[in-house]
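Dear colleague,

Please find below the structure that I am handing over to you. My notes on it follow, arranged by topic.

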Amino acid sequence: MKTVQKSLCLLLAAALLCAALTVGTQAAGCGCKEIPRVGVPGIGDALYLNPGTPEQTEVPVADMEGLLAQLGPIVSGLAGAALRRDWDRAADAFIALAWGMFGHMRVGLDGKSVEPIYPMPCDDPHTKDHREGREYTFRYDWRLDPWEAAADLNAYIKEVKKATGHSKVALLSHSQGGVVCMAYFARYGYGDIRDFIPQMSAHNGLTLVGELFNKNVELGADVALQFMRSMNGEGVMALMGPTANLLQTTGLAAWLIGVLGLVLENVQDRLFEEALLPLFVQWPALWSFVPHEYYESAKTALLSDPRYDGFKKMIDTMHYNAGAGYKADTLIKNAVKAGVRVCIIAGYGYTSMPFTPNLDIDADGLIDTARASSGATTAGLWNTFPADYAQKIKDGHNHLSPDGKIDASTCLLPEQTWFLRDQIHFSGGHGALKDAMIYSPTQFTVHSDKEFPQFLTLTGGAFVPNTPVPVPPRSTLFGSVFIFNAILGLVLWDSITG
């Protein structure tokens, strides 16, 4: 009998020891039940020149001193080109402006930064408190190859897990961060991820970049003025809306369009060859924004020179393993199959940047709504669906927006995709929605909480369900073929990314 008792005691002691070791392992970090969140931001996070040295300085995306230094020459170049048809003078001015503003951001054909520029450090997983809905922000050089950034993201997630004692993390991304997450999933799978929440994500690319990288350069005045009105903020940004109204009411927009169209039509080849190619096209990250239907033709248009052969192999690795419109949706579907709780947030109600044709589409100010949502059907920027329109896929739930602009039934995950009206791509404010998704004990859907239906507007810091609204009238100005006012475009770039 005593032998039996001893055996039972030993078994009980062993069980208690195992339980204690298990609890100790799970709670090695903080012992809380709140899953740590890893955030992957998009373009515009701070970069540094000579980090870790006495010469360390934060590097702006665009050098505004370079802009100011070139204002005089570019105005003179435009005037000279318009009056004397001196296209080389105008090209010289635009090229000098681009190099003055963005020359420091060059990337070599090896995919490395030409200047000693690096991202700021990631949030320290050993000191940051994750128990109040805070995020560990993963930092990376957003100019470079997302395929390589995914390796760093994997190491960072492992470090967060080790430091906190949690077995999984919630992975949240914005804009280009969604692209990096696709590369991460393709390379490392889903075992470390419980939740994936892409917000205004570029995982399926941008029509804007696809068109530009195929040299399809065009601007319609309607779209340009609408884009200007969508911008807000301080300083020069606060002047965009009033300037658009002034240009429209005075007729100056038509005159400006005509002048710029004439000038830029004649300098486009030099701009691509001497400015856009060395300054931007050699950013591997931008190639991850090119949708699949544009990808091979873009390489033919821009990378036909044999010196790009190695560069093409590098960007092909990303595209054909995790690329926009090619593998991204499959990777998301596989995440769901692996048990990852996926919630997608897209925006609509704005145009994209008005530099190319065929951009009269709903977007969040940058990324097409259809692409960010993985497949929504949209009525178009200036339109609503006909009164008798029925959603394309009948699944027993209503997926039509109250304003008649979005049919979410065609989304990859129609029950797990939300749409925010009139929230520009470059702003945040999704905290309450993200919290609801993450704190939900099960997969959160558009039916889980009446406060967060499928179609929302962020007003005064709070989400409210969408209601029907009139579609803004289209201006009477005609659309013309040309690149948008270069100075305005570069100022907007600096504002939205810096």
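K215 is partly exposed, its relative accessible area being 32%; here buried means under 20% relative accessible area, exposed over 50%, and partly exposed in between, with a 1.4 Å probe and protein chains only. The residue lies in the loop between α6 (207-212) and β8 (219-220). K215 is not a glycine, yet its phi is positive, at about 60°. K215 also lies over the face of F272, at 5.4 Å from the ring centre. A charge sits over a ring if NZ of Lys or CZ of Arg is within 6 Å of the ring centre and within 35 degrees of the ring normal.

S175 is likewise a residue other than glycine with a positive phi, in this case near 55°. S175 is found in the loop between β6 (169-174) and α5, and is buried, with a relative accessible area of 9%.

**Basis of the model and overall make-up**

Please note that this is a predicted model, in which local features need pLDDT of at least 70 and side-chain atom pairs count only at pLDDT 80 or more, while totals for chains, interfaces and linings use all residues. Residues are numbered from 1 along each chain as its sequence is written, and side-chain values use heavy atoms, with hydrogens and water left out.

The protein has 16 helices and 16 strands; these are DSSP runs numbered from the N terminus, with helices (H or I) of at least four residues and strands (E) of at least two. Of its 498 residues, 53% count as buried. Among contacts between residues at least 6 apart in sequence, 74% join residues at least 24 apart, where contact means heavy atoms within 4.5 Å.

**Two helix pairs**

Helix α4 (residues 146-164) packs against helix α5 (residues 176-188) at an angle of about 75°, and their axes are 8 Å apart. That makes α4 roughly perpendicular to α5. On the side of α4, the contact is made by P146, W147, E148, A149, A150, A151, L153, N154 and I157; α5 contributes V179, V180, A183, Y184, A186, R187 and Y188. By class, this contact has 13 nonpolar, one polar and two charged residues.

Which residues belong to each class? Ala, Val, Leu, Ile, Met, Phe, Trp, Tyr, Cys and Pro count as nonpolar, Asp, Glu, Lys and Arg as charged, and the others, Gly among them, as polar.

The second pair consists of helix α11 (residues 292-302) and helix α12 (residues 309-322), whose axes come within 12 Å and cross at roughly 170°. The two helices are therefore roughly antiparallel to each other. Their contact is made by H292, Y295, E296 and K299 of α11 together with K312, I315, D316, H319 and Y320 of α12. It has three nonpolar, two polar and four charged residues.

For both pairs, axes are lines fitted to C-alpha atoms, for helices over the stretch in contact, and angles run from 0 to 180 degrees between N-to-C directions. Angles under 35 degrees count as roughly parallel, over 145 as roughly antiparallel, 65 to 115 as roughly perpendicular and the rest as oblique.

**Aromatic rings**

Rings of Phe, Tyr and Trp (its six-membered ring) pair if their centres lie within 6.5 Å; planes under 30 degrees apart count as stacked, over 60 as edge-to-face and the rest as tilted. By this rule the count comes to 16 aromatic pairs. One of them, F185 with Y190, is tilted, at 4.9 Å centre to centre and 35° between the planes. Both F185 and Y190 are buried.

A stacked pair is formed by W418 and F444, at 5.7 Å centre to centre and 15° between the planes. This pair links distant parts of the chain, 26 residues apart: W418 is in strand β13 (residues 417-421), and F444 is in the loop between α15 (431-439) and β14 (455-459). W418 counts as buried at 0% relative accessibility, as does F444 at 5%.

Ring pairs also link Y184, F185, Y188, Y190 and F196 into a cluster. Elsewhere, the charged end of R37 sits over the ring of Y439, 5.5 Å from its centre.

**The loop residue L144**

L144 is found in the loop between β5 (135-137) and α4. Its C-alpha atom is 5.2 Å from that of P284, although the two residues are 140 apart in sequence. Leaving aside neighbours within four places in sequence, L144 is in contact with V107, G111, K112, S113, P284 and A285.
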